[in-house]
Amino acid sequence: MKKTAALVMALTAFSVFLAASAAAQPATSCCNSPGVVPTGQPGEPVFQDLAKSGKKCWIGEVNYFTWEFDKTPKMGTSILIIKLFDRDGKRVSDLAIIGRSDMPSMRGAHDSGEVAFKNNKAGDYLLPVNVVMPGDWEVRLTFSRNGIVIFRGRIAFDV
Ligand SMILES: [Cu+2]
């Protein structure tokens with residue numbers, strides 16, 4: 001009986017201690033929990049949707065380009081071809097272009113990573129795109145001059 005009473009008293013004292021220490025916590029300690037922080041990375045670059053295949057896509061007022069696939073994309077490898085021009089319509093190849101393909105609906109599942117386009121003799125920029133599953137696909141394009149990104153665009157297509 002005595003033992004029980006002592007235990008009850010000890011528990012009561014402990015509860016009071018817990019309540020006191022909880023009250024002593026700063027009121028702001030609840031904030032900054034991961035759930036409160038907005039998801040998505042701040043400053044994530046925006047890739048604007050490009051004009052249709054064969055249409056002029058302007059990069060500022062200095063260059064424009066057109067894009068096309070060597071064939072309608074289907075399962076397997078298609079080649080994405082970009083032709084770059086100066087403002088007067090003369091073919092140029094003085095920009096670096098990087099492509100990255102993936103399926104938007106399952107981002108990361110088939111991410112190609114950033115792959116540099118390669119120039120052929122005519123100055124076309126070429127990128128093999130590996131379509132490994134039917135569905136929605138995209139290629140994100142990044143254009144750079146002397147290491148500085150000057151344009152980002154996105155091609156979306158279904159297979
Ligand atoms: Cu997929």
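Tutor: Helices and strands here are DSSP runs, numbered from the N terminus. Keep in mind that this is a predicted model.

Student: Okay, in what order do the elements of the protein run from the N terminus on?

Tutor: The order is α-β-β-β-β-β-β-β-β-β-β. That comes to one helix and 10 strands.

Student: How do I read a sheet, and which strands form the open one here?

Tutor: The general idea goes like this: strands of a sheet pair through backbone hydrogen bonds, either parallel or antiparallel. In this model, five strands make an open sheet, ordered β2-β3-β4-β8-β7, with antiparallel pairing. β2 (57-59) and β7 sit at the edges with a single partner strand each, so one side of each has no neighbour in the sheet.

Student: How many bridges pair β4 with β8?

Tutor: Seven, in the antiparallel sense, between β4 (residues 76-86) and β8 (residues 125-131). To place yourself in that pairing, find Leu80, which stands opposite Leu127 in β8.

Student: Now the core. Which residues have the most contacts inside the largest one?

Tutor: A bit of background: in soluble globular proteins, nonpolar side chains tend to be buried together. Here the largest nonpolar core has 16 residues, and Leu80, Ile82 and Ile97 have the most contacts inside it. Two or more residues come from each of β3 (63-69), β4, β8, β9 (136-145) and β10 (148-158).

Student: Leu80 again! Which residues is Leu80 in contact with, leaving aside neighbours within four places in sequence?

Tutor: Trp67, Phe69, Gly99, Leu127, Val129 and Val139.

Student: What share of the 159 residues is buried?

Tutor: 14%, where buried takes 20 or more other C-beta atoms within 10 Å of the residue's own. As for contacts with a separation of 6 or more, 48% of them are between residues 24 or more positions apart.

Definitions and conventions:
Residues are numbered from 1 along each chain as its sequence is written. This is a predicted model: local features need pLDDT of at least 70, side-chain atom pairs count only at pLDDT 80 or more; totals for chains, interfaces and linings use all residues. Two strands pair if DSSP finds at least two bridges between them. Helices (H or I, at least four residues) and strands (E, at least two) are DSSP runs, numbered from the N terminus. A residue is buried if 20 or more other C-beta atoms lie within 10 Å of its own, exposed if 12 or fewer, and partly exposed in between; C-beta atoms are placed from the backbone. Two residues are in contact if their C-beta atoms, placed from the backbone, lie within 7 Å. A nonpolar core is a set of buried Ala, Val, Leu, Ile, Met, Phe, Trp, Tyr and Cys residues joined through C-beta atoms within 7 Å.
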